[in-house]
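Visitor: I'd like a quick tour of this one. Can you walk me through how the pieces pack and pair?

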Amino acid sequence: MKLGVLAGGNGLGLDELIGQVREAAEAGLDSAYFNQVLSWDAVQLAALAAREVPGIAVGTAVTQTYPRHPLALAGQALTTQAASGNRFTLGIGPSHGPLIETHFGLSYDRPARHVREYLSALVPLLRGEQVDYRGETLTAAGRVEVPGAEPPPVLLAALGPVMLRMAGELADGAVTVWTGPETIADHVTPAVTRAAAAAGRPRPRVVAGVIVSVTADPEGVRRQVAESLGPVGDLPSYRAILDRQGRSGVEETVVAGDESAVERAVRAYAEAGATELVVSPFGDARERARTLGLLAALRGRRGGDQ
């Protein structure tokens, strides 16, 4: 299992964000990802980070589909792939109704249909193919050519059965959030693997995102997460995956404790079938440093094969 970080944080500037990627690279980690909300553009950040920090893989986990036409996103993604020397992974997702409808003024009707049509247009565009796709929700006609850019892997934000099926059938795997190792093992990995096999595709990637803190006060960390992120647990897709796990809030999915406890949790994700763990280090400066130090030790101990 590969180990990476989700770079970000409230109010951080560009140098600080790139600095997080550099720290991850210096720690020997495999990857650094960026998330898209309403601030920095995640695809552009990945391109900038890749140019500044050699060696480490970069990606989005995830960028939104609705505000970005497949032709436009294909151009962005292939440009970032060229800028990174083909170290880029494109993670996409439909986001959430309140964000898409309130901020972008777009309909969020039948997001699964939208995602299927979006991937049907996007994936061949990333391969440099001529596309003339006309669906119910979008039309895409054209071709995107970026010299030196290989088709980047595409991951789909997927938690429910329909999205997991599409992640295996139409994409290169799934990226999850608020999902513990038990649910990765009995829900995510089997669903996306079956779908990929049925479609004749290679074994899919399962990229699990998790908040991690190596700390002497795990309950304090969970309280802080509840205070800062608690409301996101009410979004329908997140509420469904939390209910599936019998958890009341996102804070209950946080991995927190001393080095031994966190190491056990990391290994549990590997045993569950996650191919990559993308960690959001949480806490004060000392706790974040301890978290990154543990990840570096685990990555170095067995070459990333936890």
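**Helices and strands**

Guide: Helix 6 and helix 7 are oblique to each other, because angles under 35 degrees count as roughly parallel, over 145 as roughly antiparallel, 65 to 115 as roughly perpendicular and the rest as oblique. Before we go on, this is a predicted model, where local features need pLDDT of at least 70 and side-chain atom pairs count only at pLDDT 80 or more, while totals for chains, interfaces and linings use all residues. Residues are numbered from 1 along each chain as its sequence is written, and side-chain values use heavy atoms, with hydrogens and water left out.

Visitor: At roughly what angle do the axes of helix 6 and helix 7 cross?

Guide: Helices (H or I, at least four residues) and strands (E, at least two) are DSSP runs, numbered from the N terminus. Axes are lines fitted to C-alpha atoms, for helices over the stretch in contact, and angles run from 0 to 180 degrees between N-to-C directions. For helix 6 (residues 161-169) and helix 7 (residues 181-198), the axes come within 7 Å and cross at roughly 45°.

Visitor: Is the crossing of helix 6 and helix 7 left-handed or right-handed?

Guide: A crossing is left-handed if the near helix is turned anticlockwise from the far one by less than a right angle, and right-handed if clockwise. By that rule, the crossing of helix 6 and helix 7 is right-handed.

Visitor: How do the residues of the contact of helix 6 with helix 7 divide?

Guide: Contact means heavy atoms within 4.5 Å. Helix 6 brings Pro-161, Leu-164, Arg-165, Ala-167, Gly-168 and Glu-169 to meet His-187, Val-188, Ala-191, Val-192, Ala-195 and Ala-196 in helix 7. Ala, Val, Leu, Ile, Met, Phe, Trp, Tyr, Cys and Pro count as nonpolar, Asp, Glu, Lys and Arg as charged, and the others, Gly among them, as polar. The contact residues therefore divide into eight nonpolar, two polar and two charged.

Visitor: How does helix 5 lie relative to helix 6, roughly parallel or oblique?

Guide: The axes of helix 5 (residues 111-126) and helix 6 come within 10 Å and cross at roughly 5°. That makes helix 5, relative to helix 6, roughly parallel.

Visitor: Which residues of helix 6 make the contact with helix 5?

Guide: On the helix 5 side you'll find Pro-111, Ala-112, Val-115 and Arg-116. Facing them from helix 6 are Val-162, Met-163, Met-166 and Glu-169.

Visitor: What classes of residue does the contact of helix 3 with helix 5 have?

Guide: Helix 3 (residues 70-83) and helix 5 pack at about 40° with axes 9 Å apart, and that makes helix 3 oblique to helix 5. Helix 3 contributes Pro-70, Leu-71, Leu-73, Ala-74, Ala-77 and Leu-78, and helix 5 contributes Tyr-118, Ala-121, Leu-122, Leu-125 and Leu-126. By class, that contact has eleven nonpolar, no polar and no charged residues.

Visitor: Which residue of strand 12 does Lys-2 stand opposite?

Guide: Two strands pair if DSSP finds at least two bridges between them. Strand 1 (residues 2-6) runs parallel to strand 12 (residues 276-281), joined by four bridges. Strand 1 also pairs in the parallel sense with strand 2 (residues 31-34) over three bridges. In strand 12, Lys-2 stands opposite Glu-276.

Visitor: What is the bridge partner of Ala-157 in strand 9?

Guide: Strand 8 (residues 154-157) runs parallel to strand 5 (residues 88-93), with three bridges joining them. Two bridges join strand 8 to strand 9 (residues 173-176), again parallel. In strand 9, the partner of Ala-157 is Val-175.
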